[in-house]
Amino acid sequence: MRSAAREHYDTLLAEHYSRMFGDFEAKVAEQRALLERWGVTAQSSGGLAVDLGCGSGFQSVALARLGYRVLAIDFSRRLLDELAGRARGLAVEAIEGDIRDVVRLAPAGVALAVCMGDTLAHLEREADLDRVFEGVAGRLVAGGRLVLSFRDLSVELRDLDRVISLGAWDDLVMTCFLEYEASTVKVHDLLWVRQPDGWRFRKGMYRKLRLAPAQVVARLIAAGFAVERHDAPGGMVALVGVRVGPRSARQRRHGRISSGRGKASGGAKTARYPSAGARRRKSTSR
């Protein structure tokens with residue numbers, strides 16, 4: 001069964017998706033700088049990275065240039081074809097699939113997984129986070145990382161702030177407006193496309209999850225990650241989970257969040273959320 005988000009991309013958004021972000025190479029350079037700031041270092045051994053919800057490949061290309069072999073997964077065939085063209089000569093394999101099936105799509109021994117650009121909010125329900133996080137944890141090597149970025153939609157925009165310009169060109173104008181529900185946001189995309197005989201109006205709607213950072217952190221910890229929160233531009237939230245090992249069902253049910261303050265490399269501020277197991281070990285030491 002096709003999700004509403006997938007249907008929306010296939011019929012409306014994928015055709016124009018990359019244009020919203022400006023110059024492709026500039027966006028790749030931006031994403032590489034962010035990944036390095038969040039602790040992703042260049043590889044000489046060609047470790048495997050999985051890009052979940054890769055889109056047209058901003059992160060995939062950045063990771064390949066950092067020396068990773070990249071498995072790029074997305075539900076949009078059009079965006080994957082665009083990525084294939086952008087990534088010629090790089091160690092990038094693009095496959096069509098649902099990121100919730102990562103345990104089936106990705107091999108064991110993954111060094112790094114990323115899920116960026118608000119991909120998480122495109123999941124159909126909050127419980128899908130567990131399926132993604134547990135699937136990634138089962139594919140990562142011990143100490144492997146999961147890097148996430150997403151928009152905090154838990155705070156509701158009001159009045160005209162709900163109307164957002166996505167871009168304007170000689171042949172295309174893109175805007176959207178947001179309609180808030182209890183656990184989701186209805187995203188109404190409005191496009192005006194210039195045709196030989198004049199302008200054509202196109203529209204579509206899909207829902208995004210209203211993910212709050214604390215929700216996502218709690219589910220990462222339950223899946224067996226120690227978590228750091230990093231600064232991120234443009235109103236985004238950045239989380240880095242480090243796989244610390246499998247946890248029992250009882251640990252997953254009773255894990256709680258505790259935080260500290262620290263510094264990451266390059267001076268970026270972080271908040272650290274250790275795994276429940278790590279907290280217990282610390283609490284029993286003298």
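**Aromatic contacts and a buried arginine in a predicted model**

Good morning. I begin with Tyr-9, which counts as buried at 9% relative accessibility, where buried means under 20% relative accessible area, exposed over 50% and partly exposed in between, with a 1.4 Å probe and protein chains only. This is a predicted model, in which local features need pLDDT of at least 70 and side-chain atom pairs count only at pLDDT 80 or more, while totals for chains, interfaces and linings use all residues. Residues are numbered from 1 along each chain as its sequence is written, and side-chain values use heavy atoms, with hydrogens and water left out.

Which residue pairs with Tyr-9? The partner is Phe-75: the ring centres are 5.8 Å apart and the planes stand at 70 degrees, so the pair is edge-to-face. Rings of Phe, Tyr and Trp (its six-membered ring) pair if their centres lie within 6.5 Å; planes under 30 degrees apart count as stacked, over 60 as edge-to-face and the rest as tilted. Tyr-9 belongs to helix α1 (residues 4–13) and Phe-75 to the loop between β2 (69–74) and α4 (77–86), so the pair ties together parts that are 66 residues apart in sequence. Helices (H or I, at least four residues) and strands (E, at least two) are DSSP runs, numbered from the N terminus. Phe-75 is also buried, with a relative accessible area of 18%.

The structure holds seven aromatic pairs. Tyr-9 and Phe-75 are members of one aromatic cluster, together with Tyr-17, Phe-21, Phe-24, Phe-58 and Tyr-206. Over the face of Phe-24 lies Arg-86, at 4.1 Å from the ring centre. For such a placement, NZ of Lys or CZ of Arg must be within 6 Å of the ring centre and within 35 degrees of the ring normal. Arg-19 lies likewise over the face of Trp-169, at 4.7 Å from the ring centre.

I turn now to Arg-210. Is this residue buried or exposed? At 13% relative accessibility, Arg-210 counts as buried, and its place is the loop between β9 (198–209) and α7 (213–222). Its C-alpha atom is separated by 4.7 Å from that of Leu-153, 57 residues apart along the chain. Beyond its neighbours within four places in sequence, Arg-210 is in contact (heavy atoms within 4.5 Å) with residues including Leu-153, Glu-156, Tyr-180, Glu-181 and Gln-215.

Finally, the chain as a whole. It has nine helices and 13 strands, and of its 286 residues, 48% count as buried. Among contacts with a separation of 6 or more, 60% involve residues 24 or more positions apart.
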